[in-house]
Amino acid sequence: MTLKELAAHVAAEFQQHYGRAPRWIVAAPGRVNVIGEHTDYNDGFVLPMAIERYAVMAADAAATPGRISVYDTHFKESAVIDVAGPVTKGQPKWSNYIRGVLAGFQQRGQKIPALDVAFMSTVPLGGGLSSSAALEVCTATLIEAATGKAIDPVEKALLAQKAEHEFAGVPCGIMDQFISALGREGHLLLLDCRTRQTELVPMSDPSVALLVVNTNVKHELGSGEYAKRRAECEQAAKIIGVKSLRDATPEQLEQAKDKMSEVVYRRARHVIGEIERTTHAAEGIRQSNWPTVGQFMYASHYALRDDYEVSCKELDAVVAIAENIGARGGVYGCRMTGGGFGGCCVALVKAGAVDAITQTIATEYQAKTGIAAAIFASRPAAGATIIKG
Ligand code: GAF
């Protein structure tokens, strides 16, 4: 579904559910990270792009004051959020992403208007494509539309990240909310997570495409492994004697090797290497040097699999199939993307070979794992937008 079709669909659902037309329609995309994994909370670089999969909200002012009703058009379930006082956590569970953002606006001194909302997302849930960030940034965009007060997109991303920390319990970095808020059509976003400086890297060569391969193995970042990795990185930085792993060189890590556990050493080796790979890959993209970019993507996957240990056998199976297809069959590189433990891979492929590659990966993945993968190509999409209002 295109964004236009999705917006029309959610507007129609709003009309049907609430008996009138919506006044505002807003959207925020999910993302795929091309390279730079588990580097954002280490002050490093990331290189994500917004994808053509979106959270969309249609809304109007509500007659009942002090509350927001959100109707999930897919699961046919509603959340009623009390906004008369400070917004708190509540049920259903997905409403906490919305609640967290509303609370963030309140903390900025913003009064939350009473709203009726219909909502739908085409970002696969638990697929590692930032369905939660899309929902958070979409909510923030709705509040901007409904109050007529735009906030700085960086502030918006930070507010959404805080919602994820405090209402979803995931100590995530800044990448997902940032790209959902600041993505630009036709571009990847090279983000320096320390300075928050961004560079839009054009990705418009028609000879290549990015394929997203969803293993359909759910990923759960709340389970504690993510927080554990973060703590291990902090420990490594402390032992090396730097503020964060962004400041550490491979030589410094080797010198400190004996003072840390083997596991902590490997975690740091991934992060230090990945920060370097990301800046090199960005350079490769600027020069349309696709074979080089692809090699960095494979190297990223191996480090995430062996050193950082956030892959799983299904993600590894996709990468192995992609490697087997190889450059001759049109695959430049492939890696797991996002937090890991399931979710998606991203593959850089020749545009003319997309159909054949999709077919091969689907068939071989099903044969290897017994699971049907969901595979789609996406062009770099725009970040959050107010479609109506
Ligand atoms: C998740 C987090 F939300 C991001 O901040 C990032 O750390 C990513 O995992 C790993 O690169 O998506």
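Reader: What makes an element count as a supplier of the lining of the largest pocket?

Author: In this predicted model, helix H2 (95-107), strand S5 (115-121), helix H3 (131-147), helix H4 (153-167) and helix H5 (175-182) each give at least two residues to that lining. A lining residue has an atom within 4 Å of a grid point of the pocket, and by that criterion the largest pocket has 42 lining residues, with Tyr97, Leu125, Gly126, Ser131 and Ser132 nearest its centre. The space in the largest pocket comes to about 1,100 Å³, and its lining divides into 17 nonpolar, 16 polar and nine charged residues.

Reader: How do you know that the ligand sits in the largest pocket?

Author: A molecule sits in a pocket if more than half of its atoms lie within 2 Å of the grid points of that pocket, and the ligand is assigned to the largest pocket on this basis. The protein around the ligand comprises 13 residues, the closest being Glu37, His38, Asp40, Asp176 and Tyr226, and this shell holds five nonpolar, four polar and four charged residues.

Reader: Which residues lie closest to the centre of the second largest pocket, and which elements line it?

Author: The second largest pocket, with a volume of about 410 Å³, is lined by 22 residues, and those closest to its centre are Glu52, Ser378, Arg379, Pro380 and Ala381. Strand S2 (45-61) and strand S8 (208-214) are the elements that give two or more residues to this lining, which by class has 12 nonpolar, six polar and four charged residues.

Reader: Why is a space called a cavity and not a pocket?

Author: The whole structure has three cavities of 30 Å³ or more, and the largest cavity has a volume of about 40 Å³. Its lining consists of Met57, Ile68, Val70, Ile98, Leu102, Leu115, Val117, Thr139, Leu142 and Ile143, with strand S3 (67-72), H2, S5 and H3 each giving two or more residues. H3 gives the most, with three residues.

Reader: What makes the lining of the largest cavity mostly nonpolar?

Author: By class, the lining of the largest cavity has nine nonpolar residues, one polar and no charged. Thr is absent from the lists of nonpolar and charged types and therefore counts as polar, and Thr139 belongs to this lining.

Reader: What sets the backbone at Pro92 and Asp43 apart?

Author: Most residues other than glycine have a negative phi, and most peptide bonds are trans. Gln91 and Pro92 are joined by a cis peptide bond, with omega about -15°, and Pro92 is in the loop between strand S4 (77-82) and H2. Asp43, in the loop between strand S1 (24-35) and S2, has a positive phi near 65° although this residue is not glycine.

Methods. Residues are numbered from 1 along each chain as its sequence is written. This is a predicted model: local features need pLDDT of at least 70, side-chain atom pairs count only at pLDDT 80 or more; totals for chains, interfaces and linings use all residues. Side-chain values use heavy atoms; hydrogens and water are left out. A residue is near a molecule or strand if one of its heavy atoms lies within 4 Å of it. On a 1 Å grid over the protein atoms alone, a cavity is a set of points where a 1.4 Å probe fits but cannot get out, and a pocket is an open set with protein on both sides within 12 Å along at least five of seven lines; lining residues have an atom within 4 Å of a point. Grid points are joined across faces, edges and corners, and a volume is the space filled by probe spheres set on the points. Helices (H or I, at least four residues) and strands (E, at least two) are DSSP runs, numbered from the N terminus.
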